[in-house]
Amino acid sequence: KIRNKFSSDLWRYISNENILNGKYIELFIDNDYKGLYLLKEYVSKKSLNVSENGSLFKSVLYLNQDDNNVHYIHDKYYLLRHPDDFDINNFLNYKIFISLIKGVDNNEYNNYYLAMKDENSKIIKIPWDMDLTFGLTFNRINDYELVSDMGFDIYYNNSYDLNNLIKERYWSLRKNKIIFDNMDKYIDDYKNILINSGATYRDSNRWNVEPVNDDIENIREWLHKRVEYLDEFFR
């Protein structure tokens with residue numbers, strides 16, 4: 001119930017960029033309780049303040065790329081050809097952010113957008129659909145280690161300058177943004193909204209499933225271990 005919300009809030013906090021808002025709701029239709037949901041804004045030019053002269057692309061799977069099909073885009077393809085087209089601050093923040101949450105589905109696959117605010121602006125990446133994060137993966141292995149699947153390998157192997165930029169940005173964010181107390185506050189807020197309010201119990205009763213309230217504390221523990229691991233990696 002919190003991975004998408006937590007990821008979005010962290011991205012806004014780390015990057016200071018406008019990202020789509022989300023709010024928890026408990027839904028009733030004709031007095032019939034339908035459960036707990038995260039209501040989120042839809043990705044569009046309007047919601048992202050992209051002008052008529054700007055562009056918005058949805059990334060899809062990175063297979064079958066060719067120069068004649070603009071629908072097939074992903075960052076390795078474009079960075080190798082046109083690195084200056086990307087907003088470097090956005091790029092660096094995105095790399096650190098995705099590595100922090102270990103967004104295995106948000107780096108080279110289909111869960112992000114590319115946007116240009118207008119025809120003269122740089123390309124920025126916008127994360128989306130961040131449920132496979134904080135240790136949840138395709139094979140359900142709760143692993144706080146590894147960065148090779150975060151898209152770092154191609155850059156670290158091919159660009160000394162980019163390697164240093166990513167490293168410098170990590171330590172800058174680590175000093176000013178990636179602080180345990182700040183991240184714990186988000187988790188405590190979710191705990192109050194979802195558990196202490198009884199919302200997760202009502203939702204579980206509605207769908208006749210067991211509540212998994214300990215998952216919030218598991219995410220907290222995972223994130224602490226992840227940051228400690230990244231500290232060692234970037235040293």
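Select Phe6. Phe6 is buried, at 0% relative accessible area. Buried means under 20% relative accessible area, exposed means over 50%, and partly exposed lies in between, with a 1.4 Å probe and protein chains only.

A note on what you have open. This is a predicted model, where local features need pLDDT of at least 70, side-chain atom pairs count only at pLDDT 80 or more, and totals for chains, interfaces and linings use all residues. Residues are numbered from 1 along each chain as its sequence is written, and side-chain values use heavy atoms, leaving out hydrogens and water.

**Stop one: aromatic pairs**

Rings of Phe, Tyr and Trp (its six-membered ring) pair if their centres lie within 6.5 Å; planes under 30 degrees apart are stacked, over 60 edge-to-face, and the rest tilted. The count by this rule is twelve aromatic pairs. Helices (H or I, at least four residues) and strands (E, at least two) are DSSP runs, numbered from the N terminus. Phe134 is buried too, at 1% relative accessible area.

Now pick Trp11 and Tyr94. They form an edge-to-face pair, with 5.7 Å centre to centre and 75° between the planes. Trp11 is in helix H1 and Tyr94 in helix H3 (residues 88–101), 83 residues apart. Both are buried.

Which residues do ring pairs link into a cluster? Select Phe6, Tyr13, Phe134, Tyr186, Tyr190 and Trp222.

**Stop two: Lys45**

Go to the loop between strand E2 (32–40) and strand E3 (55–58), where you will find Lys45. Is Lys45 buried or partly exposed? Lys45 counts as partly exposed because its relative accessibility is 33%. Show its neighbours next. Not counting residues up to four places away in sequence, Lys45 touches Val50, Ser51, Glu52, Gly54, Ser55 and Leu56. Contact here means heavy atoms within 4.5 Å. The Lys45 side chain reaches the backbone oxygen of Gly54 at 3.1 Å. Lys45 and Lys117 are 72 residues apart in sequence, and 8.6 Å apart in space, C-alpha to C-alpha.

**Stop three: Trp207**

Finish in helix H7 (residues 199–207), which holds Trp207. Trp207 counts as partly exposed, at 42% relative accessibility.

Conventions
A polar contact is a pair of N or O atoms within 3.5 Å; within protein, one must be able to donate a hydrogen and the other to accept it, and residues adjacent in sequence count only if both atoms are side-chain atoms.
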